[in-house]
Amino acid sequence: MPVSPARAVAFDILLRVERDQGFASDLLHAPETADLSREDHALATELVMSVLRWRDRLDVALAPLLSRPLAKLDPEVVLALRLAACQLLLLDRVPAHAAVHESVELVKRARKTSAAGFVNAVLRKLQPETRPAQPEPTAAALASYYSHPLWLVERWARAFGYATAQCVCQAGQRAPTSAIRVRATAAVEELRTEGIELGPGLLLASALRVRLGNIAVTAALQEGRIAIQDEASQLVAVLLGYGARMLDACAAPGGKTALLAERNPQAEIVATEISPQRAQLLRQRISAANVQITTTDVRVLPVRQPFDRILVDAPCSGTGTLAHHPEIKWRLQAADLARQQKQQMEILSAALAHLAPGGRLLYSTCSLEPEENEAVAEQVLATVPGVHLLDLRPELMRLHESGELAWRDLDSLTSGPYLRTFPGVHPCDGFFAAMLEKS
């Protein structure tokens with residue numbers, strides 16, 4: 001019996017995530033998945049994301065049944081075991097015999113036939129778990145219960161408190177609600193006729209949230225009448241405000257660039273991207289006539305005329321987006337943060353050189369880590385003369401009073417002069433932003 005399309009695709013994607021450092025969310029919408037039915041695509045998505053979110057929990061359940069550590073097994077064998085364990089332990093509607101049989105067949109399909117009997121024997125011994133209703137109030141228990149690396153949970157608990165760390169962990173294990181930005185008002189009714197149920201934005205009044213339905217397969221999305229964009233990501237672009245000449249210094253994948261262009265239709269906007277492939281993606285996604293896309297590193301940007309508004313949405317660890325990208329938590333190492341910080345400081349310092357007197361620059365990341373956030377802003381402020389930090393609370397208050405900001409608890413959105421959102425605490429990804437102004 002051949003392997004079902006959903007499990008075959010899930011296995012192949014997980015292998016590419018493991019071997020090629022790919023991102024599951026991108027691979028799940030690659031051309032290779034186009035032939036899947038909606039039901040098979042939904043199952044493949046659930047399998048891939050569940051294995052990545054709960055990897056440690058699955059490994060702990062499998063470990064006592066193995067004669068050697070998982071790390072000593074071939075990647076194909078490990079993934080087949082995890083896929084079946086995911087179905088047996090986490091998904092109620094999958095028959096046990098189907099999960100075991102198809103993982104055995106996946107091993108054979110991957111040309112690891114000699115391991116087929118081993119996989120079958122291990123999975124038939126796997127028993128349901130007994131888990132407490134809630135973890136004990138320690139970082140170690142939290143990391144184990146929610147399948148997160150201990151070092152990450154420990155640093156979140158130290159920096160933000162145990163309650164916030166638990167909210168972040170919980171949110172990272174749930175499929176996030178998609179938020180959309182509407183670019184053509186007729187698209188809302190179009191989506192409803194396709195069975196997409198929408199609700200109001202919880203952070204921004206201009207956003208909509210998908211309550212029911214698969215927004216990814218709609219014509220409105222494919223043809224650009226709507227865009228999927230997290231509400232905190234939208235808020236960052238809104239916070240930059242209005243300008244005549246604007247720079248988006250790290251523009252791909254382009255969601256914020258497009259929103260800046262929509263809010264500033266008369267402005268001249270330059271969007272830079274260092275990667276040729278990502279710059280090409282920008283050109284495909286952004287058709288606004290007032291946006292000039294250039295493939296370059298902002299650190300060597302050959303532009304002399306200054307900008308009155310600059311967005312630096314810097315490359316970062318992405319720890320605020322684990323619900324979308326659970327593979328990040330297994331790849332990231334503490335040493336990576338110092339490397340990221342060095343790059344972020346270089347980008348921010350270079351971008352400030354292009355800021356006009358009286359102009360404003362918004363530095364943002366989708367990271368929760370202080371090294372990539374406050375530390376970057378404060379170290380650059382200490383070394384670049386003529387630049388000062390603005391408090392973002394008055395700007396958030398202005399957005400709230402104008403009706404653009406739907407979230408009422410402004411205190412929860414700020415940490416000193418900075419914007420900070422937390423998954424699970426706020427209805428969005430974890431974002432940080434700092435506003436710098438040139439004297």
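**A first look at the helices**

Analyst: Let us begin with helix 5, residues 75-89, which has 15 residues and spans 21 Å from its first C-alpha to its last, close to the 21 Å expected at 1.5 Å a residue. Please keep in mind that this is a predicted model.

User: How many of the 15 residues in helix 5 are buried?

Analyst: Helix 5 is mostly covered, with 13 of its 15 residues buried.

User: And at what angle do helix 1 and helix 3 cross?

Analyst: The axes of helix 1 (residues 5-20) and helix 3 (residues 38-53) cross at roughly 40° and come within 8 Å, and the crossing is right-handed. On the helix 1 side the contact includes Val-9, Ile-13 and Val-17, while the residues of helix 3 that take part include Leu-43, Leu-47 and Val-51.

User: Switching to rings, how many aromatic pairs are there?

Analyst: The count comes to 4 aromatic pairs.

User: Why is the pair of Tyr-363 and Phe-432 edge-to-face?

Analyst: The planes of Tyr-363 and Phe-432 stand at 70°, with the ring centres 6.5 Å apart, so the pair counts as edge-to-face, the cut-off for that being planes over 60 degrees apart. This pair links distant parts of the chain, since Tyr-363 belongs to strand 9 (residues 355-365) and Phe-432 to strand 13 (residues 432-438), 69 residues apart. Tyr-363 and Phe-432 are both buried, and together with Tyr-418 they form one aromatic cluster.

User: Which charged residue sits over the ring of Phe-23?

Analyst: That is Arg-331, whose charged end lies 5.1 Å from the ring centre of Phe-23. Elsewhere, Arg-245 lies over the face of Phe-307, at 4.1 Å from the ring centre.

User: One more spot, then: where is His-426?

Analyst: His-426 is in the loop between strand 12 (418-420) and strand 13.

User: Is His-426 buried or exposed, and why?

Analyst: His-426 counts as buried because its relative accessibility is 4%, and the cut-off for buried is under 20%.

User: What does His-426 touch?

Analyst: Leaving aside residues up to four places away in sequence, His-426 touches Trp-407, Ser-412, Leu-413, Arg-420 and Thr-421. Between His-426 and Val-168 the C-alpha to C-alpha distance is 9.8 Å, although 258 residues separate the two in sequence.

Technical notes. Residues numbered from 1 in each chain as written. Predicted model: local features only at pLDDT ≥ 70, side-chain atom pairs only at ≥ 80, totals over all residues. Heavy atoms only, no water. Helix = DSSP H or I, 4+ residues; strand = E, 2+ residues; numbered from the N terminus. Expected span 1.5 Å × (residues − 1). Buried < 20%, exposed > 50% of the residue type's maximum accessible area, 1.4 Å probe, protein only. Phe/Tyr/Trp six-rings, centres within 6.5 Å; stacked < 30°, edge-to-face > 60°. Lys NZ or Arg CZ within 6 Å of the ring centre and 35° of its normal. Axes fitted to C-alpha atoms, helices over the stretch in contact; angles between N-to-C directions. Left-handed = near helix turned anticlockwise from the far one by under 90°. Contact = heavy atoms within 4.5 Å.
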